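I opened the model and kept short notes on what I looked up. The entries follow in the order I made them.

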Amino acid sequence: MLTAPAWSSALAFAFCALLGSASATELNYVTCGSVVKLLNNRYNVRLHSHDVKYGSGRFIIKLSGSLIKLLLSPKFTIITLHFSKGSGQQSVTGVDASDDSNSYWTVRAKPGQVCQRGMPIKCGQSIRLTHVNTGRNLHSHHFVSPLSGNQEVSAFGESGEGDDLDVWIVQCSGTSWERDDEVRFKHAGTQVFLTITGEQYGHPIRGQLEVHGTFSPSANNYWTVMEGVFIKPSAEPLKHDEL
């Protein structure tokens, strides 16, 4: 039977074996194949998705003139009809809970490229973020978001395969994406930043915040990696906090 000091030595040996040849510096980076939760620094919520779809849309009617003019003198009244339709794709939100498994995303290469497992993600690199529980990719497109009227951000595709609008550029200050970095994600296809500005949903996802795309960099679109499993160059997972 191992004594307390011997047990501590055994644990230390096992930990060193897990690290293998990876240096402490290598373990500071977000790497290809890592599974992470991302925290919005301004609102302290984690990027989240679930099998809840965006709605079908709404009508916005603008009338110039009074209702009486509309009825009596329609030639002097201009009616402009706008129809804004949601994509019907899987919604993406921000949640307070730190232990929700629907907030895990896998870091992957963009379509048509290979990202070597365990290699650090470079600042400026194009990636996909694939939702672990549903297999859909973080996505944006020219649909209006339901609460703020900004650009909709959704989860799209099947089994990790979607299209070119699933690609995001990691913006960070150094050479590679460090786990403690504040980073931005810029959508390659439409140039918006992954953003939260505080709009809150009601039923059926009451209390969750809208995630959308905006064109201006701001404090609202900084994100930091939190919980996750980080893949080191030897391709073995290094656990960070609990899953």
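**Entry 1: Thr197**

I looked up Thr197 and found it in the loop between S12 and S13; strands here are DSSP E runs of at least two residues, helices are H or I runs of at least four, and both are numbered from the N terminus. The model is a predicted one, in which local features need pLDDT of at least 70 and side-chain atom pairs count only at pLDDT 80 or more, while totals for chains, interfaces and linings use all residues. Residues are numbered from 1 along each chain as its sequence is written, and side-chain values use heavy atoms, with hydrogens and water left out.

Is Thr197 buried or exposed, or partly exposed? I noted it as partly exposed, because its relative accessible area is 24% (buried is under 20%, exposed over 50%, partly exposed in between, with a 1.4 Å probe and protein chains only). Leaving aside neighbours within four places in sequence, Thr197 is in contact with Tyr43, His212 and Asn220 (contact means heavy atoms within 4.5 Å). The side chains of Thr197 and His212 are joined by a polar contact of 3.1 Å. I take a polar contact as a pair of N or O atoms within 3.5 Å; within protein, one must be able to donate a hydrogen and the other to accept it, and residues adjacent in sequence count only if both atoms are side-chain atoms.

**Entry 2: Asn220**

From Thr197 I went to Asn220, which is 23 residues away in sequence and 6.2 Å away in space, C-alpha to C-alpha. Asn220 sits in the loop between strand S14 (212-214) and strand S15 (223-231). I list Asn220 as buried because its relative accessibility is 14%. Not counting residues up to four places away in sequence, Asn220 touches Asn40, Arg42, Tyr43, Leu194, Thr195, Ile196 and Thr197. Of these, Tyr43 is 177 residues from Asn220 along the chain, yet their C-alpha atoms are separated by 7.8 Å. With Arg42, Asn220 makes a side-chain to side-chain polar contact of 2.9 Å.

**Entry 3: Arg108**

Which strand holds Arg108? I found Arg108 in strand S6 (residues 105-109). Its contacts, not counting residues up to four places away, are Ile127, Arg128, Thr130, Asn137, Gly160 and Glu161. A polar atom of the Arg108 side chain lies 2.7 Å from the backbone oxygen of Gly160. The Arg108 side chain also makes a polar contact of 3.4 Å with the side chain of Glu161. I noted too that Arg108 and Thr31, 77 residues apart in sequence, are 9.0 Å apart between C-alpha atoms.

**Entry 4: backbone angles**

Most residues other than glycine have a negative phi, and most peptide bonds are trans. I looked for exceptions. Asn44, in the loop between strand S1 (35-40) and strand S2 (45-53), has a positive phi of about 55°. Gln191 has a positive phi of about 70° and lies in the loop between strand S11 (184-187) and S12. A cis peptide bond, with omega about 5°, joins His203 and Pro204. Pro204 is in the loop between strand S12 (193-195) and strand S13 (209-210).

**Entry 5: the largest pocket**

I then asked what lines the largest pocket. The residues are Val52, Lys53, Tyr54, Gly55, Ser91, Pro146, Leu147, Tyr201, Gly202, His203, Pro204 and Ile205. I sorted this lining into seven nonpolar, four polar and one charged (Ala, Val, Leu, Ile, Met, Phe, Trp, Tyr, Cys and Pro count as nonpolar, Asp, Glu, Lys and Arg as charged, the others, Gly among them, as polar). A pocket is an open set of points on a 1 Å grid over the protein atoms alone, where a 1.4 Å probe fits, with protein on both sides within 12 Å along at least five of seven lines; lining residues have an atom within 4 Å of a point.

**Entry 6: Gln89 and the whole chain**

Gln89 is in the loop between strand S4 (79-84) and strand S5 (90-95). Its contacts beyond four places in sequence include Val52, Lys53 and Tyr54, which are also among the pocket-lining residues. I put Gln89 down as buried because its relative accessibility is 16%.

For the chain, I recorded two helices and 16 strands. Buried residues make up 42% of the 243 residues.
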